[in-house]
Amino acid sequence: MAVIARYFIALRNKVAILNSTFLKIAVSFAISLSALLGANVVYAQSDSGIEQLRQFVRNSKTAEGDFVQQQLRAPRANESQEKGLKVVRETRGHFVFQRPGRFVWDTQKPYEQKLITDGKQLILWDKDLNQATFRPAGQALSATPAAILFGEASLDQNFDLVEGEERLGMKWVALAPKKNPNAKNDLPYTKISVGMTNGLPRALELIDGLGSVVLVTLDKIQLNINVPANRFTFNPPAGAEVLRLN
């Protein structure tokens with residue numbers, strides 16, 4: 001138990017979003033080339049944010065690209081209020097996903113850490129700790145920001161989609177978890193919003209109960225590419241500590 005406690009304390013201090021989910025997702029998105037969508041998929045910026053988001057989820061079977069993930073907070077009383085939210089942590093890396101429920105969230109800077117799932121198990125590899133944690137995907141996967149956009153084929157199964165305002169050049173969609181007394185909701189966020197432009201998600205904004213904001217942006221995305229199955233497997237190196245949680 002002491003080993004597990006030490007692991008999660010260290011992990012929490014390094015990156016808050018991986019202690020939740022987003023997977024699943026996640027995730028803000030900045031997509032540079034809409035031409036990468038392919039000839040058979042056409043989007044219109046005149047469509048509502050909800051329709052753009054639904055089309056993206058329906059039509060994107062695989063993708064990979066780069067991400068920047070920021071944890072933000074409001075300025076304290078002794079800080080300037082003019083600059084708005086302050087970046088307190090930033091990570092950068094690469095992602096790849098394949099529906100349903102397979103993805104790699106590979107943090108490369110300022111430290112190396114991987115979140116991997118093949119749809120059945122969720123693996124967290126921390127190079128600094130030389131430690132790999134395996135657990136069933138299940139609820140752990142559904143709670144990640146990455147899973148919000150990279151998981152199931154239909155967001156409407158789990159969320160009510162609410163058209164939001166236009167800001168920063170994006171049409172925003174709020175995702176409200178469906179009220180189902182028989183369902184377990186492990187999402188740690190009180191608000192989830194996706195910013196859409198030209199049929200692509202450019203921003204995923206997640207706010208927790210303490211007012212902390214996580215913003216994830218994606219860049220250099222390639223859609224509907226061939227992704228080998230071995231991209232979603234991971235074998236810990238010799239000598240690594242391995243934890244298997246139920």
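Reader: Hi! Which residues touch the most other members in the largest nonpolar core?

Author: Leu53, Phe95, Trp105, Leu155, Leu161, Leu175 and Ile192 do, out of the 30 residues in that core. A nonpolar core here is a set of buried Ala, Val, Leu, Ile, Met, Phe, Trp, Tyr and Cys residues joined through side-chain atoms within 4.5 Å. Buried means under 20% relative accessible area, exposed over 50%, and partly exposed in between, with a 1.4 Å probe and protein chains only.

Reader: And which strand gives the most to this core?

Author: Strand S11, residues 213–223, with 5 residues. Helices (H or I, at least four residues) and strands (E, at least two) are DSSP runs numbered from the N terminus. Another core, of 11 residues, lies apart from the largest one; Val96, Ile123, Val227 and Phe232 are among its members.

Reader: Before I go on, what kind of model is this?

Author: This is a predicted model, where local features need pLDDT of at least 70 and side-chain atom pairs count only at pLDDT 80 or more, while totals for chains, interfaces and linings use all residues. Residues are numbered from 1 along each chain as its sequence is written, and side-chain values use heavy atoms, with hydrogens and water left out.

Reader: Thanks! What does the secondary structure come to?

Author: The protein chain has 4 helices and 12 strands. Of its 246 residues, 46% are buried.

Reader: On to rings. How many aromatic pairs does the structure hold?

Author: It holds 3. Rings of Phe, Tyr and Trp (its six-membered ring) pair if their centres lie within 6.5 Å; planes under 30 degrees apart count as stacked, over 60 as edge-to-face and the rest as tilted. Phenylalanine 67 and tryptophan 105 are a stacked pair, 4.1 Å centre to centre with 15° between the planes.

Reader: Where in the chain are phenylalanine 67 and tryptophan 105?

Author: They link distant parts: phenylalanine 67 is in strand S1 (residues 62–73) and tryptophan 105 in strand S3 (residues 102–109), 38 residues apart. Both phenylalanine 67 and tryptophan 105 are buried.

Reader: Why is the pair of tryptophan 125 and phenylalanine 234 tilted?

Author: Their planes are at 40°, so that pair counts as tilted, and the ring centres are 5.5 Å apart. Tryptophan 125 sits in strand S5 (residues 121–126) and phenylalanine 234 in the loop between S11 and strand S12 (241–244), 109 residues apart. Tryptophan 125 is buried at 9% relative accessible area, and phenylalanine 234 also counts as buried, at 17%.

Reader: Which residues do ring pairs link into a cluster?

Author: Phe67, Phe95 and Trp105.

Reader: Nice. Which ring face does arginine 167 lie over?

Author: That of tryptophan 172, at 4.0 Å from the ring centre. Arginine 244 lies over the face of phenylalanine 134, at 4.4 Å from the ring centre. The rule is that NZ of Lys or CZ of Arg is within 6 Å of the ring centre and within 35 degrees of the ring normal.

Reader: Back to strands. How do S2 and S3 pair?

Author: Strand S2 (residues 86–98) and S3 run antiparallel over 7 bridges; two strands pair if DSSP finds at least two bridges between them. Histidine 94 has aspartate 106 in S3 as its bridge partner. The two strands form a hairpin with 3 residues between them, and glycine 101 in the turn has a positive phi of about 75°.

Reader: And what comes with S3 and S4?

Author: S3 and strand S4 (residues 113–117) are antiparallel as well, over 5 bridges, and a hairpin joins them through 3 residues. Threonine 107 stands opposite glutamine 113 in S4.

Reader: Is threonine 107 buried or exposed?

Author: Buried, with a relative accessible area of 2%. Beyond its neighbours within four places in sequence, threonine 107 is in contact (heavy atoms within 4.5 Å) with Phe67, Thr91, Arg92, Gly93, Glu112 and Gln113.

Reader: Last one: how many bridges join S5 to S6?

Author: There are 6, and S5 runs antiparallel to strand S6 (residues 131–136). Tryptophan 125, from the tilted pair, stands opposite alanine 132 in S6. S5 is mostly covered, with 5 of its 6 residues buried.
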